[in-house]
Amino acid sequence: MFNFIQNIDISVIEKIYRFQHNLNSELFNKIMIFFTILGDNGMIWIAVALILFLNRKYRKIGVFSIVSLIICALAVNVILKPLIHRPRPFSELVDITLLIKAPKDYSFPSGHTAASFVMVYIFFRHIKKYFIPVLITGILIAFSRMYLTVHFPSDILVGLIIGLLSGYAGEKIADGFYRKKIDWWKNKYII
């Protein structure tokens, strides 16, 4: 089964790399590099979560986001990447010229995609007004990782799933905390 998925992954990455090479567009390359940098270390999403947290109206959603991003980072970077040890596509294929600095960690799953889809989940559930721009940004960050040959399609797919599940888990955990806090407050101060 793993060989079947690996063969599909390699085939897709080779096609995307050929597209990139044949397109030979400095502008498109810069756009893809921009979106990859935007997703580096989840910084854009951490910044969004902090902005939400600092805004009284969105504070609870900010907490959901922060808890979800922590769960996601633990799942991807602490558990799965060290456990799976999957090499990056550029190290598996010959004659790949990277447009960015080679990432030093493992490939599976995509942390950029996972963090992006944590926020896609949060915005879909709680701030629909900005959901479409967040979704488009998340998709472009995920695609940029394949375009730049630093992730396989299955890395992206599993990153997407982990992101959505982390968003759900973080929301439930943080919401449980809020409910206990409200119950505690009521029990302590209501006579």
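Reader: Which helix gives the largest share of the lining of the largest pocket?

Author: Helix 4 does, with seven residues. A helix here is a DSSP run of H or I, at least four residues long, numbered from the N terminus. Bear in mind that you're looking at a predicted model, where local features need pLDDT of at least 70 and side-chain atom pairs pLDDT 80 or more, while totals for chains, interfaces and linings use all residues. Residues are numbered from 1 along each chain as its sequence is written, and side-chain values use heavy atoms, without hydrogens or water.

Reader: How do I read a pocket, and which residues lie nearest the centre of this one?

Author: Rolling a probe the size of a water molecule over the atoms shows where empty space is left. A pocket is an open set of points on a 1 Å grid over the protein atoms alone where a 1.4 Å probe fits, with protein on both sides within 12 Å along at least five of seven lines; lining residues have an atom within 4 Å of a point. In this model, 25 residues line the largest pocket, and G39, D40, N41, G42 and H112 lie nearest its centre. Helix 2 (26-39), helix 4 (59-84) and helix 6 (111-126) each put in at least two residues.

Reader: How many residues of that lining are nonpolar, polar and charged?

Author: There are 11 nonpolar, eight polar and six charged ones. Nonpolar covers Ala, Val, Leu, Ile, Met, Phe, Trp, Tyr, Cys and Pro; charged is Asp, Glu, Lys and Arg; the others, Gly among them, are polar.

Reader: Let's go inside. Which residues have the most contacts within the largest nonpolar core?

Author: W45, L52, L69 and M119, in a core of 27 residues. Such a core joins buried Ala, Val, Leu, Ile, Met, Phe, Trp, Tyr and Cys residues through side-chain atoms within 4.5 Å. Helices 3, 4, 6, 7 and 8 (153-189) each give two or more residues, and helix 6 leads with nine. Take W45: leaving out residues up to four places away in sequence, it touches L69, A115, S116, M119, V134, T137, G138 and I141. There's also a second, separate core of 16 residues, including M32, A142, M146 and Y147.

Reader: Which residues of helix 7 are buried?

Author: An α-helix has 3.6 residues a turn, so residues three or four places apart point the same way. In helix 7, the buried set is F131, V134, T137, G138, I141, A142, S144, R145, M146 and Y147. Buried means under 20% relative accessible area with a 1.4 Å probe, protein chains only. S144 has 0%, and beyond four places in sequence it contacts M32, F35 and T36; contact is heavy atoms within 4.5 Å. After helix 7 comes T149, with a positive phi near 55 degrees.

Reader: Is V118 buried or exposed?

Author: V118, in helix 6, is buried because its relative accessibility is 0%. Neighbours within four places aside, V118 contacts S65, S68, L69, C72, G163, S166 and G167. The C-alpha atoms of V118 and S68 are 6.6 Å apart, though 50 residues separate the two along the chain.

Methods:
Buried < 20%, exposed > 50% of the residue type's maximum accessible area, 1.4 Å probe, protein only.
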